[in-house]
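Have a look at the fold before reading on.

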Amino acid sequence: MSESNTGIESSMQENRLFSPPAGFAEKAWISSREQYETMYRQSIDEPEVFWGNAANELHWFEKWTTVLDWKVPDARWFVGAKTNMAYNCLDHQIAQGRGNKTAILYEGEPLQSDGQPQLRHITFAQLRDDVGRFANGLKKLGVKKGDRVTIYLPMIPEAAVAMLACARIGASHSVIFGGFSSQAIVDRVADAKSTIIITADGGNRRGQVVPLKANVDEALKSTDLVRKVIILKHTGNAVGWTEGRDVAWSDVIAGQSTDCLAEPMDSEDPLFVLYTSGSTGKPKGIVHTTGGYMVGTYLTSKYVFDLHENDVYWCTADVGWITGHSYVVYGPLANGATTVMYEGAPNHPDFSRFWAMVERHKVSVFYTAPTAIRAFMKAGRELVDKHDLSSLRLLGSVGEPINPEAWMWYREVIGHDKCPIVDTWWQTETGMIMITPLAGVTPTKPGTATLPFFGVDAAIVDRDGTELGPNQGGLLVIRKPWPSMLRGIFNDPDRYVKQYWSDVPGVYFTGDGARRDGDGYFWIMGRVDDVINVSGHRLGTAEIESALVSHDSVAEAAVVGMPHEMKGQGIAAFVVLKTGKLPSEELKKALMGVVTKSIGALARPDQIRFTETLPKTRSGKIMRRLLKEVASGNEIKGDTTTLEDFSVLAKLKEKDEG
Ligand code: WTA
């Protein structure tokens, strides 16, 4: 255990080591440690050669003149090249003989009267036609290259169709997770200046209908930016209709040709913007461009998931998150893989649903989040054991640190001790997996994402940028550019520099604390900024605070993360009431409601504590570390001399104990 000037301490000890299963390497893309070392060396020493070779496995209308043009903090990859992401995911696959192969294998949530779910097998040829027709429809509605199109859909094939249609014509999509509320839609639409929204009447989730169209209608009361709302009929529930603005998906595609020119996009033209939480109240629009993102997601999908022709690949993430963008849609399709999409919840009708699906579709590669694994553990292995999981050959984890107990359960109960686990560390901003084992070659230890992927120069440093030694906790940074790195924050170049390139001189700062062990393996310890990771979903504490403060009884609020058995992190809110307002259970409920309404149920605090004042430093900064300790019930330690008012702490502690 040691501490640097970062204040990050690491105390976890884990010595179990698991070699890749015998025989796995023989059929794997990366088949020996020597091959990994050689390729890694080249990727760092000669990134142009390494990434140029990778890019050559894809289709380009015109090749690049320069692989990389880099001046901190701005990278341009495959400079001068022209390509199209949708063309690579569809036409290029069909040209290689995959026209009749299933591209998307979809399963709806509701069970029909025969007890079976609705299934759809959409081939690459059909998907190309669906995308072409919808893309032509978007054009007819006036969508042009460079426009932003908002997508607010359930986890259904049409979400992929809408994304690919935007990519085909060069419009940037901005996908909003279906669990977000109307206020979140307003903020994102306004920031992106998006004039079109694609949504559905509703989505099925845990036996209920999520009223997507109604949420959009509510959102559009507070903005008049949007001129067209396209509505897919999916659940069949009744929806309101605004004449002139609302148009049915079926009318958008009616009479449209399936052929739609794939716009030759400049490699650096934007592909999409995706909003994520940061340390201020306003979500930031992460911008990804075409060529580099395509190459990064293509190559990581191929090598990390070791995708081969007969794999049935299932990533359980929602398309509303980066994992859904990179590893449900773009990465697997650019590899010509069959990607599974499931509409609903893991526990509908019970926690055996995923395992029934693995059996039904003979899923071979399965990628999910630690929070889901913990929920399955709690539900009990009987629900798993009644299903035949012998088709599985590789398991993946993403979104938050996986605790060794969950890792072992995943390995034994789901993987039957024969499937390697790839614990993949990456971010919305990185676009692709950055730190990960390679299934055939990297010995794994429960709880570590192990080693950097090709081309990734990751390091643990202190605040001055000095690299730290083994097992010293510090800041995780990336020192060299990589193809799928974010190109900026939409409309906010200053924030881009401030957020990622200012804390540590000259390098990309991830916002995560981590350490490297004696074998060079990276152990991620979690965010060191004001971002909390609840069930693998990133939430900014500032966003939740501003929701709480919008209630007219609240004077001030501070939100911190605390350990949570199932969610990884839970949310604790410390609330100071206005003079004359009194704490009560009703008020707590009302405040929970305010957060749910303005962000979504995923941001609902687990605890609300009323307090008279918040502990602050002399400069007025809320002492979050202290609040975290209070929230997690730990003893107060550390330096408290900068506290403005010791009695605050005492009072908080008192409440904590009471
Ligand atoms: C965390 C999700 C530990 C981390 C792809 C990161 C992880 C944030 C892992 C990004 C992992 C993601 N081990 N922590 N394997 N994967 N994280 O943008 O804190 O939603 O900075 O991207 O999740 O979350 P985001």
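Start with the two domains: the C-alpha centres of domain 1 and domain 2 sit 32 Å apart. Where they touch, 20 residues come from domain 1 and 16 residues from domain 2, with contact meaning heavy atoms within 4.5 Å. As for where they run, domain 1 covers 1-109 + 264-528 and domain 2 covers 531-654; these bounds come from an automatic or database domain assignment.

A word on what you're looking at: this is a predicted model, where local features need pLDDT of at least 70, side-chain atom pairs count only at pLDDT 80 or more, and totals for chains, interfaces and linings use all residues. Numbering runs from 1 along each chain as its sequence is written, and side-chain values use heavy atoms, leaving out hydrogens and water.

Now zoom out to the protein chain. It holds 21 helices and 30 strands, which are DSSP runs numbered from the N terminus (H or I, at least four residues, for helices; E, at least two, for strands). Its C-alpha atoms fill a box of roughly 70 × 65 × 55 Å along the principal axes. Among contacts between residues at least 6 apart in sequence, 71% join residues at least 24 apart.

What share of the 658 residues is buried? The figure is 62%, where buried means under 20% relative accessible area (1.4 Å probe, protein chains only).

Technical notes
Buried means under 20% relative accessible area, exposed over 50%, partly exposed in between (1.4 Å probe, protein chains only).
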